[in-house]
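Hello,

Here is the structure I promised to pass on to you.

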Amino acid sequence: MGSSQLWGPNRVMRTWQLWPLLVFCTAASFIDEAKKIMENTALIDGHNDLPWQLLKQFNNRLELKEANLTLLNTTHTNIPKLREGFVGGQFWSAYVPCETQNKDAVKRTLEQIDVIQRICRKYPETFKCATKSSDVKQAFQEKKVASLIGVEGGHSIDSSFGVLRALYHLGMRYMTLTHSCNTPWADNWLVDTETDKPESNGLSPFGQRVVKEMNRLGVIIDLAHVSLKTMQDVLNISQAPVIFSHSSAFSICAHRRNVPDDVLKLVNETQSLVMVNFYNDYVSCGAQANLIHVADHLDHIKRIAGSGAVGFGGDYDGVTRLPEGLEDVSKYPNLIAELLRRNWTEEEVKQALANNLLRVFEKVEEVSRQLSLDSPEEEPMEYQKLEGQCRTSYGYSVSTGFRSLPGILPSTLVLGLLYFQLA
Ligand SMILES: *[C@@H]1O[C@H](CO)[C@@H](O)[C@H](O)[C@H]1NC(C)=O
Ligand SMILES: *[C@@H]1O[C@H](CO)[C@@H](O)[C@H](O)[C@H]1NC(C)=O
Ligand SMILES: *[C@@H]1O[C@H](CO)[C@@H](O)[C@H](O)[C@H]1NC(C)=O
Ligand SMILES: *[C@@H]1O[C@H](CO)[C@@H](O)[C@H](O)[C@H]1NC(C)=O
Ligand SMILES: *[C@@H]1O[C@H](CO)[C@@H](O)[C@H](O)[C@H]1NC(C)=O
Ligand SMILES: [Zn+2]
């Protein structure tokens with residue numbers, strides 16, 4: 001082992017050990033300044049999995065004493081912590097695992113949307129249910145937390161434009177095109193690690209129509225979790241800017257969930273937004289990380305794509321490991337103080353806190369208005385491309401309907417059964 005190899009890790013260790021000192025030495029001025037800015041421009045976070053915790057820990061029973069969001073202490077998120085962190089807007093994730101694809105994904109998505117709506121209404125002194133950019137601004141005025149819905153994973157629409165539109169009407173304002181699995185119309189990031197096989201080579205023609213319909217409805221397109229080719233395809237065709245609701249910078253940590261520099265350039269060109277994920281594994285590419293690492297991601301994205309492209313998507317309550325200094329949602333001011341220490345201007349900090357997301361949201365709304373005379377997408381996914389045994393074939397031609405019967409049944413038995421039913 002050469003001495004240069006020893007020097008590298010040692011240097012890293014020393015930086016890690018120094019960071020609390022750095023923060024302490026500069027805390028007095030920068031923390032105060034951070035909080036002063038955040039009092040007027042609260043932070044909008046792109047991705048929080050508290051709804052998933054409410055399902056896992058309480059099966060969505062909000063009446064349970066332990067599920068009281070003021071007292072909740074088994075999560076990264078609760079009401080006092082949101083207040084301490086100056087959170088003024090939150091996209092709550094309506095996440096359902098890839099396992100539900102072709103099973104009960106739609107039902108579970110509806111249930112997660114329902115639990116988000118219920119927490120918002122149960123604590124009206126804290127939350128303001130929001131579906132428009134103007135609602136978010138109103139929440140800022142009222143010193144409440146704008147409560148928004150993001151659906152994590154295109155499998156939640158079950159390849160149906162009808163479901164996509166229904167979710168929009170229930171308040172979904174972003175949809176992540178894939179989680180960590182392909183849909184029949186878009187490839188996910190595991191294709192880039194060769195864990196999954198490409199199926200659509202990015203976005204399929206059906207996927208292009210999903211993007212078009214999201215532009216028409218006014219649903220923000222989220223490219224966290226998608227493959228590189230899907231990112232490029234969407235950035236090329238979307239008429240509105242997009243977000244990465246919880247992704248970091250690939251140049252700082254070469255993880256395929258992060259955004260590479262050539263895509264950051266497209267983000268700049270399209271006035272899109274990357275909301276940085278705090279998960280240690282995406283931040284430092286290791287199990288350990290601290291807030292200095294996260295600030296490095298923010299600095300890098302700012303350098304390549306501009307201060308208009310930076311935001312926060314902590315992934316709280318969706319991850320098992322978080323950086324030192326950013327352990328829960330009360331800690332955001334520490335990070336803002338670090339950006340100020342790095343000479344970010346007040347204007348740049350405000351962009352990252354809220355103004356970039358508001359800009360994207362307003363543009364998405366404007367594009368939707370411009371497209372309001374377009375007809376809704378109607379052409380369904382081909383029945384043959386749908387997998388699983390759960391679907392009936394109503395509306396499709398009868399011959400394809402036989403596909404819903406288990407393939408192992410000999411055709412004679414199938415015919416026999418049909419004859420029996422007709423008789
Ligand atoms: C967490 O909250 C529960 C009540 O919901 C309480 O019994 C428990 O003592 C609390 N734990 C801590 C560490 O505060
Ligand atoms: C949650 O607990 C707090 C503190 O005990 C209490 O004031 C509040 O009414 C409770 N909220 C709900 C919705 O049960
Ligand atoms: C971008 O989309 C246009 C069609 O809208 C297509 O002609 C072009 O090849 C695409 N470019 C890339 C780099 O995918
Ligand atoms: C990003 O795009 C804007 C125009 O939208 C431009 O002014 C800026 O220089 C670009 N690059 C960076 C790194 O900000
Ligand atoms: C911030 O700006 C000051 C004054 O221009 C400079 O001395 C300092 O090195 C800068 N700090 C960083 C972290 O770039
Ligand atoms: Zn995620």
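Which residue stands opposite Ser 147 in β4? Gln 90 does.

Before the rest, a word on conventions. This is a predicted model, in which local features need pLDDT of at least 70 and side-chain atom pairs count only at pLDDT 80 or more, while totals for chains, interfaces and linings use all residues. Residues are numbered from 1 along each chain as its sequence is written, chains are lettered from A and ligands numbered from 1 in the order in which they are written, and side-chain values use heavy atoms, with hydrogens and water left out. Helices (H or I, at least four residues) and strands (E, at least two) are DSSP runs, numbered from the N terminus.

Let me begin with β4. This strand covers residues 145-152, and eight of its eight residues are buried, where buried means under 20% relative accessible area, exposed over 50%, and partly exposed in between (1.4 Å probe, protein chains only). Val 145, Ser 147, Ile 149 and Val 151 point one way from β4, and Ala 146, Leu 148, Gly 150 and Glu 152 point the other way.

Now for the partners of β4; two strands pair if DSSP finds at least two bridges between them. β2 (residues 87-95) pairs with β4 in the parallel sense over seven bridges. β3 (residues 127-129) also runs parallel to β4, with three bridges joining them; there, Lys 128 has Ala 146 as its bridge partner in β4. With β5 (residues 172-176), β4 makes a parallel pairing over four bridges, and the bridge partner of Val 151 in β5 is Met 175. Right-handed here says that, with the strands pointing away from the viewer, the path from the first strand over the helix to the second runs clockwise. β3, helix α5 (residues 133-141) and β4 also make a right-handed β-α-β unit.

Next, ligand 2. The residues around ligand 2 (a heavy atom within 4 Å) are Asn 68, Leu 71, Lys 122 and Tyr 123. Taken alone, ligand 2 exposes 360 Å², and the protein buries 41% of that; accessible areas come from the Shrake-Rupley method with a 1.4 Å probe. A polar side-chain atom of Asn 68 lies 2.3 Å from an oxygen atom of ligand 2.

A few loop residues are also worth a look. Ser 238 sits in the loop between α8 (228-237) and β7 (243-244), and counts as buried because its relative accessible area is 14%. The side chains of Ser 238 and Asn 215 are joined by a polar contact of 3.2 Å (a pair of N or O atoms within 3.5 Å; within protein, one must be able to donate a hydrogen and the other to accept it, and residues adjacent in sequence count only if both atoms are side-chain atoms). A polar atom of the Ser 238 side chain also lies 2.7 Å from the backbone oxygen of Ala 240.

Finally, the backbone angles. Most residues other than glycine have a negative phi. Asn 59, in the loop between α2 (50-58) and α3 (79-84), has a positive phi of about 50°. Phe 86 has a positive phi near 55°, and lies in the loop between α3 and β2. Are these residues buried or exposed? Asn 59 is exposed because its relative accessibility is 52%, whereas Phe 86 is buried because its value is 18%.

Best wishes
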